[in-house]
Amino acid sequence: MGFLDSIERGLEKAVNGAFAKTFRAGVEPVELASALKRELDTNASVVSRDRILVPNRLTVRLAPSDFQRLRRLGDALLDELTGTLQTHARQSGYSFPGPIGLGLTPDEAMTTGMFEISSDTEAGEVVWTAVVDIKGKRHTLRKGRTVIGRGSDADITVDDAGASRKHAEIVWDGTRAQVSDLGSTNGTTLNGRALKSALLEPDSIIDIGATRIVYRVLAQSKEQRP
């Protein structure tokens, strides 16, 4: 970091600190998401022509008041922030040395509205797990075929009169997933476009009837795998 960069960062901290003390504005999740992405960008290391390594262990230190407020969001907040990191890394061509570990911790030295992020790398074997989020509930996809529909014989049942008994299926091979409509009455859309069959990208949105399904791919270590 150059001399001017140091001055700029120091001024930024001073200004942010002054505003936080004056207005007592709490930290919002969108601020954490942006800062976490910057943390990856700042600490990205080129290890070969085809590999840029970024930290996979990140800790956010917050004022106790912000920590207590954000903690009430539960695992959903950490899941969303982890998903944001995965998406940013994929779009930027970054690689993680192991599973992502993200945590929030209270710090008495922090004033409401302020936070700091520290990061490090920890090697480990990554296992990719595919999941779908439906109406606040997360379902892990097994390898092979998973049928989603209104019928009790579907692998994942949705309470939706607009969905067919066997509406759509997702086939996951451990690396990639494909969604297919099973001849449903009302059809299936992927990111707003009607489909018969299509490959899924992480964070894709599938709609069947009035039900929204979000497809995600999570990095886990072998010991974390369900």
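Where is Glu28 found? Glu28 sits in the loop between α1 (3-23) and α2 (29-42). Helices (H or I, at least four residues) and strands (E, at least two) are DSSP runs, numbered from the N terminus.

This is a predicted model: local features need pLDDT of at least 70, side-chain atom pairs count only at pLDDT 80 or more, and totals for chains, interfaces and linings use all residues. Residues are numbered from 1 along each chain as its sequence is written, and side-chain values use heavy atoms, with hydrogens and water left out.

**Glu28**

- Glu28 has 38% relative accessibility and counts as partly exposed. Buried means under 20% relative accessible area, exposed over 50%, and partly exposed in between (1.4 Å probe, protein chains only).
- The C-alpha atoms of Glu28 and Asp66 are separated by 8.7 Å. Along the chain, Glu28 and Asp66 are 38 residues apart.

**Three-stranded sheet**

- Three strands form an open sheet in the order β5-β3-β6, with mixed pairing. Two strands pair if DSSP finds at least two bridges between them.
- The edge strands are β5 (101-106) and β6 (115-120), and each pairs on one side only.
- Neighbouring strands of this sheet are turned by 20° against each other on average, direction ignored. Axes are lines fitted to C-alpha atoms, for helices over the stretch in contact; angles run from 0 to 180 degrees between N-to-C directions.
- β3 (residues 57-62) pairs with β5 in the parallel sense, over six bridges.
- Leu58 stands opposite Leu102 in β5.

**Helices on that sheet**

- α2 lies across β3, β5 and β6 and runs at about 35° to β6. Contact here means heavy atoms within 4.5 Å.
- α3 (residues 64-71) packs on the sheet and touches β3 and β5. The direction of α3 makes about 130° with that of β5.

**Five-stranded sheet**

- Five strands form an open sheet in the order β10-β9-β11-β12-β15, again with mixed pairing.
- β10 and β15 stand at the edges with a single partner strand each, so one side of each is left without a neighbour in the sheet.
- β11 (residues 168-172) and β12 (residues 177-181) run antiparallel, joined by five bridges.
- Val179 in β12 is the bridge partner of Ile170.

**Salt bridges**

- The count comes to 14 salt bridges. A salt bridge is a side-chain nitrogen of Lys or Arg within 4 Å of a carboxyl oxygen of Asp or Glu.
- Arg90 forms a salt bridge with Asp203, with the closest N and O atoms 3.9 Å apart. This pair links distant parts of the chain, 113 residues apart: Arg90 is in helix α4 (residues 75-92), and Asp203 is in the loop between β15 (197-200) and β16 (204-208).
- Arg90 is partly exposed at 38% relative accessibility, and Asp203 is partly exposed at 28%.
- Arg142 forms a salt bridge with Asp155, with the closest N and O atoms 3.3 Å apart. Arg142 lies in the loop between β8 (137-140) and β9 (144-149) and Asp155 in the loop between β9 and β10 (156-157), so the pair ties together parts that are 13 residues apart in sequence.
- Arg142 is partly exposed, with a relative accessible area of 46%, and Asp155 is partly exposed at 38%.
- Asp207 forms a salt bridge with Arg212, with the closest N and O atoms 3.1 Å apart. Asp207 is buried at 17% relative accessibility, whereas Arg212 is partly exposed at 48%.
- Salt bridges that share partners join Asp79, Glu80, Arg90, Asp133, Arg138, Asp203 and Arg216 into one network.
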